[in-house]
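Dear colleague,

Please find below the structure that I am handing over to you.

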Amino acid sequence: MKFVDEFRDQALAMGLAAAIAREADPARRYSIMEFCGGHTHAIFRYGVHDLMPENVGFVHGPGCPVCVLPIGRIDNALELAEKHGVILCSYGDMLRVPASKRRSLLKAKAEGADVRMVYSVDDALRIARDNPSREVVFFAIGFETTTPPTAVALRTAKAEGLKNFSVFCNHVLTPAALNHLLTAAGLDVDAFIGPSHVSSVIGSRPYEYFTETFHRPVVIAGFEPLDVMQAALMAIRQLNEGRAEVENQYIRVVTRDGNAKARAIVDEVFERRESFEWRGLGAVPDSALRIRDAYAAFDAEKRFAIVTRSAPDAKSCECAEILRGAKKPVDCKLFGKGCTPDSPVGSCMVSSEGACAAYWTYGRFR
Ligand code: SF4
């Protein structure tokens with residue numbers, strides 16, 4: 001398959017591994033954070049980690065939208081489904097994340113709440129059209145990649161005059177999280193592998209602030225193993241040469257300015273929140289979106305007077321530290337014991353982009 005097979009080529013991978021081993025200075029360490037959970041899974045699924053020299057390590061970042069949503073917001077979704085009796089629609093992973101008292105939307109569904117798994121916001125719109133006598137809420141999560149479809153759905157609902165559809169908006173923003181990691185959270189890494197899908201929307205330009213301000217290279221990379229390996233090599237070269245620049249390995253998709261049309265639709269429908277709580281990062285300024293007043297009739301937070309209260313993570317769960325890049329899944333004493341994908345304690349074991357799920361799925365137990 002074009003753009004897939006050639007980026008999984010074993011001979012090319014061995015060539016890249018040899019180049020990294022040759023160019024990595026044995027007198028220093030290279031700590032590279034991959035922001036995206038998709039990259040984390042590629043690293044372990046294809047054994048990229050094992051092809052790196054001892055002194056090149058990956059630090060896993062908070063780029064998993066299911067993982068970073070705090071418990072308080074999932075409690076809100078439970079409240080919508082149970083107290084307000086809406087048809088609550090969301091993605092499959094989101095239904096399995098434990099909220100307060102280890103309840104989840106899936107458990108609420110088993111107890112009678114009308115919770116439905118959807119593949120896209122369009123499914124939720126269809127459910128609203130098919131059920132005009134019921135309130136239908138789309139539990140929207142995700143980074144800049146999934147925000148444009150939610151914006152289009154809100155425009156569609158307004159144009160159609162749908163009276164029973166609203167969105168519980170939890171869309172979050174990548175640059176603000178990176179900024180927080182490098183300032184308030186005190187993250188200590190040498191370079192970043194930048195998001196691929198997010199960057200296809202926002203472009204590579206927003207990362208220039210980070211290279212200029214914090215002097216850390218950022219290399220935007222695709223999700224295939226050769227993408228990640230080439231990005232690691234590009235980051236190592238920058239560090240060896242004392243450079244800190246934005247480089248784009250994913251030129252087959254990402255441009256400097258991204259997708260202007262998608263961003264314009266998002267700007268029409270959403271505005272920035274002053275602050276938003278992230279699991280692991282706490283309150284992060286300017287890091288999330290809310291629905292503009294012009295679309296207030298479709299804002300579930302306003303329609304149902306939702307108030308979010310902070311709630312602690314489960315006892316002994318290390319998701320917060322993992323999402324800050326301060327610990328690895330195997331540092332958690334519950335990993336593989338009290339917590340597995342079949343019986344997750346924290347969000348990082350649920351999501352198909354979560355670091356704990358990656359370690360478990362691909363058998364990395366050290
Ligand atoms: Fe949380 Fe489970 Fe990961 Fe431990 S293994 S950090 S309990 S999700």
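Helix H7 (residues 121-130) and helix H8 (residues 147-160) have axes that come within 9 Å and cross at roughly 20°. Here helices (H or I, at least four residues) and strands (E, at least two) are DSSP runs numbered from the N terminus, while axes are lines fitted to C-alpha atoms, for helices over the stretch in contact, with angles from 0 to 180 degrees between N-to-C directions. H7 is therefore roughly parallel to H8; angles under 35 degrees count as roughly parallel, over 145 as roughly antiparallel, 65 to 115 as roughly perpendicular and the rest as oblique. The crossing of H7 with H8 is right-handed, a crossing being right-handed if the near helix is turned clockwise from the far one by less than a right angle, and left-handed if anticlockwise.

Please note that this is a predicted model, in which local features need pLDDT of at least 70, side-chain atom pairs count only at pLDDT 80 or more, and totals for chains, interfaces and linings use all residues. Residues are numbered from 1 along each chain as its sequence is written.

On the H7 side, Val121, Asp122 and Leu125 meet Pro149, Thr150, Ala153, Thr156 and Ala157 of H8, where contact requires C-beta atoms, placed from the backbone, to lie within 7 Å. By class, this contact of H7 with H8 comprises five nonpolar, two polar and one charged residues. In this scheme Ala, Val, Leu, Ile, Met, Phe, Trp, Tyr, Cys and Pro are nonpolar, Asp, Glu, Lys and Arg are charged, and the others, Gly among them, are polar.

H7 also lies across strands S3, S4, S5 and S6, running at about 175° to S5. These strands belong to an open sheet of four, in the order S4-S3-S5-S6 and with parallel pairing; two strands pair if DSSP finds at least two bridges between them. Strand S4 (115-117) and strand S6 (165-171) are the edge strands, each pairing on one side only. From one strand to the next, the twist averages 25°. Strand S3 (residues 87-90) runs parallel to S4 and is joined to it by three bridges, with Leu88 opposite Val115 in S4. Helix H4 (residues 71-82) packs on this sheet as well, touching S3, S4, strand S5 (136-142) and S6, and its direction makes about 170° with that of S6.

A further open sheet has five strands in the order S2-S1-S7-S8-S9, again with parallel pairing. Strand S2 (56-63) and strand S9 (246-248) are at its edges with a single partner strand each, so one side of each has no neighbour in the sheet. The twist in this sheet averages 25° from one strand to the next. Within it, strand S1 (residues 30-36) and strand S7 (residues 191-194) run parallel and are joined by three bridges; Ile32 has Ala191 in S7 as its bridge partner. Helix H2 (residues 37-45) packs on the sheet and touches S1, S2 and S7, its direction making about 120° with that of S1.

Helix H12 (residues 225-240) lies across S1, S2, S7, strand S8 (218-220) and S9, at about 150° to S7. H12 also packs with helix H1 (residues 10-23) at an angle of about 20°, their axes being 10 Å apart. H1 is therefore roughly parallel to H12, and the crossing of H1 and H12 is left-handed. Residues of H1 in this contact include Leu12, Leu16 and Ile20, and those of H12 include Met229, Leu233 and Ile236. By class, the contact of H1 with H12 has twelve nonpolar, two polar and two charged residues.

The domain assignment gives domain 1 (5-64 + 175-248), domain 2 (67-173 + 261-303) and domain 3 (319-361), with bounds that come from an automatic or database domain assignment. The centres of domain 1 and domain 3, taken over C-alpha atoms, are separated by 21 Å. Their contact takes 15 residues from domain 1 and ten residues from domain 3. On the domain 1 side, H2 and S2 each supply at least two residues, and H2 gives the most, with five residues. By class, that side has nine nonpolar, six polar and no charged residues.

Lastly, strand S11 (residues 275-278) and strand S12 (residues 282-285) pair in the antiparallel sense over four bridges. Glu277 stands opposite Ala283 in S12. The two strands, S11 and S12, form a hairpin with three residues between them, and Gly280 in the turn has a positive phi of about 90°.

With kind regards

Notes
Two residues are in contact if their C-beta atoms, placed from the backbone, lie within 7 Å.
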